[in-house]
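Dear colleague,

I am passing on the structure we spoke of, and below it you will find notes on what turned up when I went through it. Please read them with the coordinates open beside you.

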Amino acid sequence: MSASRALLSSPHGGASRTFTRAPTRLAAASIPFARCGALRARTAILSSPAATVPVTSSEPKRRISRSVSDSAPLAKPAVLVAEKLGEAGLDVLRQFADVECAYGMSPAELLAKVAQFDALIVRSGTKVTREVLEAGRGRLRVVGRAGVGIDNVDLQAATEAGCLVVNAPTANTVAAAEHGIALLACMARNVSQADAALKAGKWQRAKYVGVSLVGKTLAIMGFGKVGSEVARRAKGLGMHVIAHDPYAPADKARAIGAELVSFEEAIAKADFISLHMPLTPATSKVFNDESFGKMKTGVRIINVARGGVIDEDALVRALDSGKVAQAALDVFTVEPPAKDSKLVLHENVTVTPHLGASTVEAQEGVAIEIAEAVGGALRGELAATAVNAPMVPAEVRTKLLEMSVIDCDYGGKSFF
Ligand SMILES: NC(=O)C1=CN([C@@H]2O[C@H](COP(=O)(O)OP(=O)(O)OC[C@H]3O[C@@H](n4cnc5c(N)ncnc54)[C@H](O)[C@@H]3O)[C@@H](O)[C@H]2O)C=CC1
Ligand SMILES: O=C(O)C(=O)COP(=O)(O)O
């Protein structure tokens, strides 16, 4: 059985499982999905009509998670929320689960607790390691990442443990893009340095002459959801936007007025470079001594993606030499960074403590998005935002379910 199939069928089925299919659908029907508006479309599978209609005898008998029997006693699944989640999302979770919020746990506390839960919800501050997933083995079956980046979750270990990982990939896009633009503008005009100086009683107008954005070339590295929103906004500021993304379609870039170029061309031509790729083995430390060496002298760098895409020691060297004039960083290889971090303390560096997704609106959206995703995953539905199992569009899913009925009738095998 493939890993994804293993995830979608029950890895830990058995009589101890009392979260049964039909009752949880009733619970799902009581979730106030209507308030989720646009999120609903994006999580089509989780909230599709197929997901909320009562189970009928014609529906396929395969797959859905830990069915014991339709008459088995009901027990709500238990969900552990390890980092601050918006109230709206907690409300959604409480419709179908017993929810415990345990913010600020140490890794040891998380290890000790995780086995008592069916699902764990984290943001970027919790490392869901192999150890955590092993500790949860036997009960934990869903990890929800309330945000985009899943570099803090050991996906391989999750798959091996039969644990589905879902994220909330859309609700914080605009917040992250707006923060990128905020850092770009603040850096160019020395806002944080001038603010600190003035608060310290120094009126230093000559020291804090900035640079203009209009007419400058901005290279967007990673032209996905956030990168393309940054591009749109930068166009509005009169910047010339180029982008590098090995997987982005050229027509998507063209429609925004950005030109897709190679990595080398992007870093060589840019006055400003804004990073928006995920942290993966392929992107780890791609900004290093060699790549800084190929940039224009005086280039300015914004990072709202992940600290790990930059070799931070190399960036300090590039800042010290003047190769990089300024950097504006929301993310760091180790968070929080050391108090004596040369990078954070550098006078040409503007920093924020991983605030990209931290707007009221984004946090509410992310909380609802992840609560829906976790609910759907616990009900055994194909998750639209699964990151270690295939995503299946709602219309394709409907077709597959039809085929699955036929398949069940003729031999009992499942396509999922
Ligand atoms: N600071 C913060 O609070 C936030 C940070 N993020 C970070 O931003 C990243 C991007 O988020 P989204 O745009 O929503 O994700 P996305 O998946 O929509 O976009 C990522 C893009 O990067 C591209 N990419 C992959 N490998 C690449 C490479 N080697 N070079 C260039 N491009 C590459 C992909 O093709 C994709 O288009 C997330 O992975 C996360 O780490 C996201 C939201 C908030
Ligand atoms: O969504 C992301 O990738 C983020 O980096 C946001 O992180 P956070 O949920 O604010 O800890």
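**Ligand 2 and its surroundings**

An oxygen atom of ligand 2 sits 2.7 Å from a polar backbone atom of Val148, and a polar backbone atom of Gly149 is 2.8 Å from an oxygen atom of this ligand. Please keep in mind throughout that this is a predicted model. A further backbone N or O atom, that of Ala146, lies 3.5 Å from an oxygen atom of ligand 2. On its own ligand 2 has 310 Å² of accessible area, and the protein covers 90% of it. The residues that surround ligand 2 are Arg123, Ser124, Arg145, Ala146, Gly147, Val148, Gly149, Asn172, Arg306, His354 and Ala357, and this shell divides into three nonpolar, five polar and three charged residues.

**Ligand 1**

Around ligand 1 there are 24 residues, of which Lys225, Val226, Asp245, Val304 and Asp330 come nearest. Asp245 places a polar side-chain atom 2.6 Å from an oxygen atom of ligand 1, while a polar backbone atom of Val226 is 2.8 Å from an oxygen atom of the ligand. Arg306, which is also listed among the residues surrounding ligand 2, has an N or O atom in its side chain 3.3 Å from an oxygen atom of ligand 1. Taken alone, ligand 1 exposes 850 Å², and 86% of that is buried by the protein.

One open sheet is formed by five strands in the order β2-β1-β3-β4-β5, with parallel pairing. Its edge strands are β2 (98-101) and β5 (164-167), each of which pairs on one side only. On average, and with direction ignored, neighbouring strands of this sheet are turned by 20° against each other. Between β4 (residues 142-145) and β5 the parallel pairing runs over four bridges, and Val142 stands opposite Leu164 in β5. Helix α6 (residues 87-96) packs on this sheet, where it touches β1 (78-81), β2 and β3 (119-122), and its direction makes about 140° with that of β2. Helix α18 (residues 360-378) also packs on the sheet, touching β1, β3, β4 and β5, with a direction at about 155° to that of β5.

The other open sheet has seven strands in the order β8-β7-β6-β9-β10-β11-β12, and its pairing is parallel. Because β8 (259-260) and β12 (349-351) stand at the edges with a single partner strand each, one side of each is left without a neighbour in the sheet. Within this sheet, β9 (residues 272-275) and β10 (residues 299-303) pair in the parallel sense over four bridges, and Ser274 has Ile302 in β10 as its bridge partner.

**Two backbone details to check**

Most residues other than glycine have a negative phi, and most peptide bonds are trans. The peptide bond from Glu335 to Pro336, however, is cis, with omega near -10°, and Pro336 lies in the loop between β11 (324-329) and α17 (342-345). Asn190, although not a glycine, has a positive phi of about 55°, and this residue lies in the loop between α10 (173-188) and α11 (191-199).

With kind regards

Note on methods: Residues numbered from 1 in each chain as written. Chains lettered and ligands numbered in written order. Predicted model: local features only at pLDDT ≥ 70, side-chain atom pairs only at ≥ 80, totals over all residues. Heavy atoms only, no water. Near = heavy atom within 4 Å. Polar contact = N/O pair within 3.5 Å; in protein donor to acceptor, adjacent residues only side chain to side chain. Areas by Shrake-Rupley, 256 points an atom, 1.4 Å probe, with all protein chains shown as cover. Pairing = 2+ DSSP bridges. Helix = DSSP H or I, 4+ residues; strand = E, 2+ residues; numbered from the N terminus. Axes fitted to C-alpha atoms, helices over the stretch in contact; angles between N-to-C directions. Contact = heavy atoms within 4.5 Å. Nonpolar A, V, L, I, M, F, W, Y, C, P; charged D, E, K, R; others polar.
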